[in-house]
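User: I would like to go through the terms used for this model and see what each one rests on. Please set the values against the cut-offs.

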Amino acid sequence: MQKGWINKWLFPVILMLGMTPASAQIFDKTKGKNVKLVLRSPVIVHATESKIYNERLVTAFKNYWKVSPYEWYSPIKDYEVDKNSAYAVFLPAIVGLEVRDHATTMNYPFYVYGEATSKGKAYGEAIICAFPINAVHYEFDAKAEHIYERAALRLPYIVYNLNDMVRWLSEKESTKDYLDSVQAKATRLVKKTLLIPNDVVKEWDVNPNATALFKNNLDAAKRKMTPIMHNILDEADISYGGKYKIMTAEEIMKLENSAEADKYALFLPAVDERKYMLAYDLKTKELLYYETTKASNKIKSKDFDRMNKVIGF
């Protein structure tokens, strides 16, 4: 079963099956005979956004993708291959969710990795890994020409950790214990200053994105509507046990390439169908902390309190 955008040139909606809290950031495809082939196959990478976004994605793959060859998406290329081969694909896409085998009205943007169709996209059980972004806030912009441009900061962190996930799955053929291996790194945050993008605490008009995602139609975001201002995090709720700074995305990107980068970690939460608490090593791009809780439109002090406990503050 597949739903689609009214505008045929937009990314199709993808049905992602069997979403559970345990799956978290990794959605392991447990059906389909081509999983092993996909994991070691070339990856079709969609660099189809703005110049700044594309340059950051190109650099991320050059620096952090080590597990297989990759190539840049071409809309005129036929990616269909024989039954003994496969292509993988990495792209951002709107995902329509199924919960307990029932389609829902929830549609959210994710970065997905999975088995490619001949058109260089991925559908349903073809998805192996998925990374959430802030759905109705700043990282997705249904009104813009480049709807994922504001997710550019997150790109190298996704690519590094996708590479890590694919390597893990290739070697172990299971996602078992992967998240435990991530949490084992959390104590490294003790010695680092946590950077919080100011976009996380800034208020955004969430009505256009929410309307477009609910109606499954990007054009719906462009209609006149009453603004609904909302942020993901109030500064008063930052109860992080260590040092932290609130900085712009541009300032963080400059700091990534500095000699001081190893002194910092980056807090990149995501709120969509669930609430994701994510912190990365600014220099290496490793995921150092991961937690997900049921749907909530705000990060609260209690979320930082749980984070503090795992880190060891």
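User: What makes helix α2 roughly parallel to α3?

Analyst: This is a predicted model. In it, the axes of α2 (residues 51-64) and α3 come within 9 Å and cross at roughly 30°. Angles under 35 degrees count as roughly parallel, so α2 is roughly parallel to α3. The crossing of α2 past α3 is right-handed.

User: Which residues of α2 and α3 meet?

Analyst: From α2 they are Tyr 53, Arg 56, Leu 57, Ala 60, Phe 61 and Tyr 64. From α3 they are Leu 155, Pro 156, Tyr 157, Val 159, Tyr 160 and Asn 163.

User: Where is Leu 153, and why does Leu 153 count as buried?

Analyst: Leu 153 sits in the loop between β6 (127-132) and α3. Buried means under 20% relative accessible area; Leu 153 has 7% relative accessibility and therefore counts as buried.

User: What is Leu 153 in contact with, leaving aside neighbours within four places in sequence?

Analyst: Its contacts are Arg 56, Pro 197, Ala 249, Ile 252, Met 253, Glu 256, Leu 266 and Leu 268. Arg 56 also belongs to the set of α2 residues that meet α3. Another residue of that set, Tyr 53, is 100 residues from Leu 153 along the chain, with 8.5 Å between the two C-alpha atoms.

User: What is in the largest nonpolar core?

Analyst: That core has 74 residues, and those with the most contacts inside it are Phe 90, Tyr 111, Tyr 113, Phe 140 and Leu 282. Helix α3 (residues 155-172) gives the most to this core, with nine residues. Apart from it lies another core of 23 residues, including Ala 265, Leu 288, Ile 299 and Phe 304.

User: What does Tyr 113 touch, not counting residues up to four places away in sequence?

Analyst: Tyr 113 touches Val 38, Leu 39, Val 43, Trp 65, Ala 88, Val 89, Ala 126, Ile 127, Ile 128, Cys 129, Leu 162 and Val 166.

User: Which residues of helix α6 are buried, and what follows the helix?

Analyst: In α6 (residues 207-215), the buried residues are Asn 207, Pro 208, Asn 209, Thr 211, Ala 212 and Leu 213. Just after α6, Asn 216 has a positive phi of about 60°.

User: How do you know which part to read with caution?

Analyst: The protein averages a pLDDT of 85, and 85% of the residues score at least 70. Over residues 1-32, however, the pLDDT is below 50. That stretch has 103 contacts in the model beyond near neighbours in sequence. Where pLDDT is low, the predicted coordinates should not be read in detail.

Note on methods. Residues numbered from 1 in each chain as written. Predicted model: local features only at pLDDT ≥ 70, side-chain atom pairs only at ≥ 80, totals over all residues. Heavy atoms only, no water. pLDDT = per-residue confidence, 0-100. Contact = heavy atoms within 4.5 Å. Buried < 20%, exposed > 50% of the residue type's maximum accessible area, 1.4 Å probe, protein only. Helix = DSSP H or I, 4+ residues; strand = E, 2+ residues; numbered from the N terminus. Core = buried A, V, L, I, M, F, W, Y, C linked by side-chain atoms within 4.5 Å. Axes fitted to C-alpha atoms, helices over the stretch in contact; angles between N-to-C directions. Parallel < 35°, antiparallel > 145°, perpendicular 65-115°, else oblique. Left-handed = near helix turned anticlockwise from the far one by under 90°.
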